[in-house]
Amino acid sequence: MDGVIVGDWEYVWAAWGLSLSMFGAYCIVTSVRLKKAQEERT
Amino acid sequence: MSSRFAIEHIAGLLGLGLFAYGSYLGLAVAPPERFMGDVGRIFYVHVPTATVGLLLPAVACLIAVGSLVRDAGKWDAALEGAVEVSTLLIAMMLVQGSIWAKPTWGVYWDWDPRLTSSAILMASFIGVLALRTFIEDPMRRASWSAVATIIAFANVPIVYFSVRWWRTLHQDFTGGRDLEDTMGTAFAFNWFGLALMVTWVVTRRARLAWLTRPRAMAAEGAPAASDLVAGG
């Protein structure tokens, strides 16, 4: 199997999907926490 | 809406737009990579994540120096944001790299110097975040976490140059001269897009740290600034 790439688009979608989901989830959680903190300050 | 608030969101939205277009180019327009085929498209998200993920710790290191030489306050809040998002980016980089490694190397993980030093970098930034939860005194927390960030950053040049110093499994630096035009454009759009989105979220996370800091100080029994003024 030397030199043969095993697999195709499933790895592409997994890499993009997993990593961007992590980033998106972090952005959402941070925004919700920030909004809550701002509301508590006012 | 304050102008700072508007600029922050304009930067974030611009970053999202650039990244969306770059992703479209990388996933749908650019030709398959000569040796890796479609699996090579992972690089359009992996390379921008890795470069921004190594640049942000450098920014965190500069903020840490600022926190040490200036009054901690907002510098410490900015440090918390930069360190936390750095940890996230390094984790994303490792996830993308591991998924790419399976079809190309045949394994998800190998103790290659680049991978090992990257894992140590992530662990050291998690350590900085953990340190912040252990220290109750805000001033001591600021100075200790600044020093810990500078120590953690020392690993970044090792991560970057590891492929040159120890020529093992991970490929060496790849120049952009051999790239087809669409490939280079996809990389550029995704890099600037991600950099802007990261700037947006670091700014927001730093503001969150700043807003929650006085409450934490109050919980620890430290006097609030207004009390100090009232007490003369």
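Predicted model: local features only at pLDDT ≥ 70, side-chain atom pairs only at ≥ 80, totals over all residues.
Author: Residues are numbered from 1 along each chain as its sequence is written, chains are lettered from A and ligands numbered from 1 in the order in which they are written, and side-chain values use heavy atoms, with hydrogens and water left out.

Reader: How many helices and strands are there in chain B?

Author: Chain B has eight helices and zero strands, and its elements run α-α-α-α-α-α-α-α from the N terminus on; helices (H or I, at least four residues) and strands (E, at least two) are DSSP runs, numbered from the N terminus. Chain A, for its part, has one helix and zero strands, and buried residues make up 29% of its 42 residues.

Reader: Why is the pair of Phe43(B) and Trp100(B) called tilted?

Author: Rings of Phe, Tyr and Trp (its six-membered ring) pair if their centres lie within 6.5 Å, with planes under 30 degrees apart counted as stacked, over 60 as edge-to-face and the rest as tilted. The centres of Phe43(B) and Trp100(B) are 5.1 Å apart and their planes stand at 45°, so the pair is tilted. Phe43(B) lies in helix 2 (residues 43–69) and Trp100(B) in helix 3 (residues 72–105) of chain B, so the pair ties together parts that are 57 residues apart in sequence.

Reader: What makes the pair of Trp100(B) and Trp105(B) edge-to-face?

Author: Their ring centres are 5.4 Å apart and their planes are at 80°, so this pair is edge-to-face.

Reader: How do you know whether Trp105(B) counts as buried, exposed or partly exposed?

Author: The relative accessibility of Trp105(B) is 22%, so the residue counts as partly exposed, whereas Trp100(B), with a relative accessible area of 7%, is buried.

Reader: What makes Glu8(B) and Arg204(B) a salt bridge?

Author: The term asks for a side-chain nitrogen of Lys or Arg within 4 Å of a carboxyl oxygen of Asp or Glu, and in Glu8(B) and Arg204(B) the closest N and O atoms are 3.1 Å apart. This pair links distant parts of the chain, with Glu8(B) in helix 1 and Arg204(B) in helix 7 of chain B, 196 residues apart. At 7% relative accessibility Glu8(B) counts as buried, and at 9% Arg204(B) counts as buried too.

Reader: Which distance, N to O, goes with the salt bridge of Glu8(B) and Arg207(B)?

Author: The distance is 2.4 Å, and the pair joins helix 1 to helix 7 of chain B across 199 residues. Both Glu8(B) and Arg207(B) are buried.

Reader: How do you know that Arg132(B) and Glu80(B) meet in a salt bridge?

Author: Their N to O distance is 2.9 Å. Arg132(B) is in helix 4 (residues 113–134) and Glu80(B) in helix 3 of chain B, 52 residues apart, and both residues are buried. They belong to a network of salt bridges that links Asp76(B), Glu80(B), Glu84(B), Arg132(B) and Arg205(B).

Reader: How many salt bridges does the rule find across the interface of chain B and chain A?

Author: Across that interface the rule finds zero salt bridges, although the count over all chains is seven.

Reader: What is the area buried between chain B and chain A?

Author: It is about 2900 Å², of which carbon and sulfur atoms give 76%; buried area is the accessible area (1.4 Å probe) that two parts lose on being put together, summed over both. Leu27(B), Leu208(B) and Leu211(B) supply 19% of the area that chain B buries against chain A, more than any other three residues.

Reader: Why is Leu27(B) called buried, and which residues is Leu27(B) in contact with?

Author: Its relative accessible area is 17%, so Leu27(B) is buried. With contact taken as heavy atoms within 4.5 Å, and leaving aside neighbours within four places in sequence, Leu27(B) is in contact with Trp9(A), Val12(A), Trp13(A), Trp16(A) and Arg41(B).

Methods. Buried < 20%, exposed > 50% of the residue type's maximum accessible area, 1.4 Å probe, protein only.
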